[in-house]
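Here's a quick look at one structure, written for someone who likes to know the cut-offs behind the numbers. Have the viewer open while you read.

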Amino acid sequence: MTTMTAQTPRQARFFEGPRFEYLPVALFGSVMGLTGLSVAWQLAARRFGLPGLVADGIGWAALAAFLALALAYGTKAVTAWPTVVAEFRHPIAGNLFGTVLISLLLLPLVIVRISPLLAQGIWILASAGMVVFAVVIVSRWMSSRQQVAHATPAWIVPVVGLLDIPLAAPALGLPHTGTLTLFALSVGLFFAVPLFTLIFARLLFEEPLAPAMRPTLMILVAPFMVGFSSYASTLGRIDAFAEGLFLVGLFVFVILIGLLRDLPRCCPFRVSWWAVSFPAAAAAVAALRYADHAQIGLADGLALLLLAFATGLIGALALRTLVGIVRGELRALSG
């Protein structure tokens with residue numbers, strides 16, 4: 001009893017004062033990027049015979065990243081709850097709480113090979129959470145007047161994020177999910193049109209995005225590339241509509257790569273750069289799915305090019321982030 005009493009103050013001191021209060025919820029986008037890249041390598045292994053161990057390694061890294069971030073952000077929630085509430089209520093940052101749920105929608109693609117039951121449970125809970133989150137955010141948008149300046153690519157995440165629900169469904173083998181996946185596909189694509197238009201108009205007629213927010217431009221690729229994969233997963237086929245989604249996504253992707261090409265030179269690295277990771281991985285996944293459908297050399301070449309780009313990009317982001325953590329720079333990089 002004496003030992004336990006002596007340890008209690010030391011344990012309690014860990015929770016004295018805020019911890020990880022600087023950590024943005026948007027950093028869960030790194031889990032999305034890593035999981036998407038793992039799926040891309042799985043597809044590449046099946047189509048081109050590339051090493052499947054690469055997909056497994058990236059998948060384990062995604063799972064480890066999620067657990068580390070969940071622990072850190074959970075500590076933030078316990079020790080700095082008002083900061084979490086303020087972040088959720090923020091008209092831009094609040095939308096990025098969807099990255100936690102999307103991570104949980106994607107991780108079953110990794111976990112299903114180890115524990116199908118656990119993967120199914122996570123996917124069911126994450127799907128329900130994503131639907132509730134979308135309802136909450138759309139209700140917030142419609143209940144008060146919004147400022148055009150707040151219409152940034154982050155607004156894509158809450159509702160268009162529903163498109164991530166169907167992605168893992170075929171691999172999980174759950175019965176009676178057809179209506180849910182069709183609902184997610186329909187709502188996600190329906191809201192993608194006005195949201196993309198609104199954000200595009202804001203980019204044309206308002207002040208440019210702040211340097212720290214510029215990487216979020218790549219999120220504009222997601223409605224098309226993720227929409228393509230979600231459509232193929234839900235309906236089990238790639239038709240002209242799906243092909244059109246992929247081609248529009250490719251067009252937007254090329255434009256955004258051009259706009260962001262000077263990012264390493266003009267802007268100091270921040271963890272917000274992880275916003276480019278999932279769209280890049282989603283583009284590689286869509287290209288690999290399209291290549292399997294098209295069966296032509298040009299599509300195969302494009303798929304390999306996008307896979308190499310996404311791998312190099314996410315590898316560089318991971319290396320720079322790990323270096324920053326080792327150097328104790330995480331607070332500064334989260335600014």
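Predicted model: local features only at pLDDT ≥ 70, side-chain atom pairs only at ≥ 80, totals over all residues.

Numbering starts from 1 along each chain as its sequence is written, and side-chain values use heavy atoms, with hydrogens and water left out.

Let's start with the helices (DSSP runs of H or I, at least four residues, numbered from the N terminus). Helix α2 packs against helix α15, and the pair looks like this:

| Item | Value |
|---|---|
| Helix α2 | residues 29–48 |
| Helix α15 | residues 297–326 |
| Packing angle | about 145° |
| Axis separation | 11 Å |

The axes are lines fitted to C-alpha atoms over the stretch in contact, and angles run from 0 to 180 degrees between N-to-C directions. On the α2 side, the contact (heavy atoms within 4.5 Å) includes L34, L37 and W41, while α15 brings in residues including L304, L307 and I314.

Next, Y290 sits in helix α14, residues 277–294. Y290 is buried (under 20% relative accessible area), at 13%. Leaving aside residues up to four places away in sequence, Y290 touches F228, E243, F246 and A299. Between the C-alpha atoms of Y290 and L302, twelve residues apart along the chain, the separation is 9.8 Å.

Technical notes: Helix = DSSP H or I, 4+ residues; strand = E, 2+ residues; numbered from the N terminus. Buried < 20%, exposed > 50% of the residue type's maximum accessible area, 1.4 Å probe, protein only.
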